[in-house]
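Visitor: I have a structure open and would like to go through it bit by bit. Can you help me read it?

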Amino acid sequence: MAEIDYNALPDADFRAMVREFVETEYPQDMRFLSRRIRMDEARPWWNKLVKKGWIAPNWPRELGGMALDPGKMVIYLEEMERHGVMRAADQGITQVGPILMKYGTDAQKDYFLERTRTGDIIWAQGYSEPNAGSDLANLQTSAVIEGDEFVINGMKIWTSFAQESTHIYLLVRTDREAKKQKGISFLLIESDLPGITIRPIRNIAGHEEFCQVFFDNVRVPRDRLVGKLNEGWTVAKALLGHERLNIGSPRRPQYALMRLEMLARAKGLMDDAGFVDRFVAIKLDLEDLASLYGRYVEQVKRGEPLGPDVSQLKIWAMEVWQQLTDLLVETGAEDGVIEGAHDVAGVELDFLAPFYYARPGTIYGGSSEVQRNILSKYVLELPS
């Protein structure tokens, strides 16, 4: 249980405290990996954070969290990103926990929160569906009430690490006659219930980060409903703004830019006017992104809600990241299209791994097309 009032510390002191802990405790060989890590790999680090009382920075103290205010929370995340700390299966901490604290029943809080904090329960997110794209509200998976149970049928896809989850939080359609943002409910279910089939999807890089999840007459008690029946969309969208802020962080493209510059200098390309033109254009884009990100961070620090304009951050970060990895592969020449690490002029790089890692960035978390529609409709107020 955390005893220090972290919010009372000066920002510089708190940042130094987090930095020292990460530099000392987070393994060097786990930094800036070009893939998501599995829970079995992340478990030692998870346990260290649990022991220190730092696994749930956004949770209140009485629930074993750090109770960080928005400003300290940003510092915590910035230091984790600075050192290339990879995300574990943390959706229970970042999403399910806050949702339960706001919308859950006392029984749901008592059962799920502590087990989630310690990692005894590992959550997967059952949002995306085939044929729905990034339009989450267009979901078709249904839950019909029969007695004291919901009966679920349908399919989810791109479910991160469902194969190692113990539970799934799920958006289901419970009223087909309502408008698509209505008639949706939010359920918590075990991953191993009868009728659930999980099939990992092997991506082009050979990783099985995503899964298809099939539901065939899966029965769930009605007390697994979070919030009100047919009002799950309100629950689900509560976290989307902050998700876009996190995805819009410039840290990942900044790291890719650093690697690209190392490679270019090693190959003498910084004297090539054509290469320098492209490199500088991307670098300036990235510096503008960092400035914009800083504005949103200050907004969060002031405790102000993020508006729909935060969508521009997500678009910008993911598209500049893809441009960077495109140029990285091109700069690698013949080595750039061969999988694995290569020694190029004394610089060891894996060109394709970051290229593959950046590809879905313009799709997950709401595609660039969906984000542009949000900007068009809610910021520019253009006609639909």
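Visitor: How does the span of helix H10 fit 1.5 Å a residue?
Guide: Helix H10 has 21 residues, 311–331, and should span 30 Å; its end C-alpha atoms lie 31 Å apart, which agrees. The expected span is 1.5 Å times one less than the number of residues. Helices here are DSSP runs of H or I with at least four residues, strands are runs of E with at least two, and both are numbered from the N terminus.

Visitor: What am I looking at, and how are residues numbered?
Guide: This is a predicted model, in which local features need pLDDT of at least 70, side-chain atom pairs count only at pLDDT 80 or more, and totals for chains, interfaces and linings use all residues. Residues are numbered from 1 along each chain as its sequence is written, and side-chain values use heavy atoms, with hydrogens and water left out.

Visitor: Back to H10. How many of its residues are buried?
Guide: In H10, 15 of the 21 residues are buried, so the helix is mostly covered. Buried means under 20% relative accessible area, exposed means over 50%, and partly exposed is in between (1.4 Å probe, protein chains only). Just after H10, Ala333 takes a positive phi of about 55 degrees.

Visitor: And H3, what span does it have?
Guide: Helix H3, residues 70–82, has 13 residues and should span 18 Å; its end C-alpha atoms are 18 Å apart, which agrees. Its buried residues include Met73, Val74, Ile75 and Tyr76.

Visitor: What covers the buried residues of H3?
Guide: The cover includes helices H1 (11–25), H2 (39–52), H8 (251–266) and H9. Contact means heavy atoms within 4.5 Å. After H3 comes Gly84, with a positive phi near 70 degrees.

Visitor: What does Tyr76 touch?
Guide: Leaving out residues up to four places away in sequence, Tyr76 touches Phe14, Val18, Leu49, Trp54, Pro57, Met66 and Leu68.

Visitor: Which residues touch the most other members of the largest nonpolar core?
Guide: Phe14, Trp54, Tyr76, Phe186, Leu188 and Leu313 do, in a core of 88 residues. Helix H9 (residues 273–301) gives the most to this core, with ten residues. Apart from it lies another core of 18 residues, among them Ala124, Phe150, Val220 and Leu225. A nonpolar core is a set of buried Ala, Val, Leu, Ile, Met, Phe, Trp, Tyr and Cys residues joined through side-chain atoms within 4.5 Å.

Visitor: Strands now. Why is S4 largely enclosed?
Guide: Seven of the seven residues of strand S4 (residues 167–173) are buried, so the rest of the structure largely encloses it. His167, Tyr169, Leu171 and Arg173 point one way, while Ile168, Leu170 and Val172 point the other way.

Visitor: Is Phe161 buried or exposed?
Guide: Phe161 counts as buried because its relative accessibility is 6%. Phe161 lies in the loop between strand S3 (149–156) and S4, and its phi is positive, near 50 degrees.
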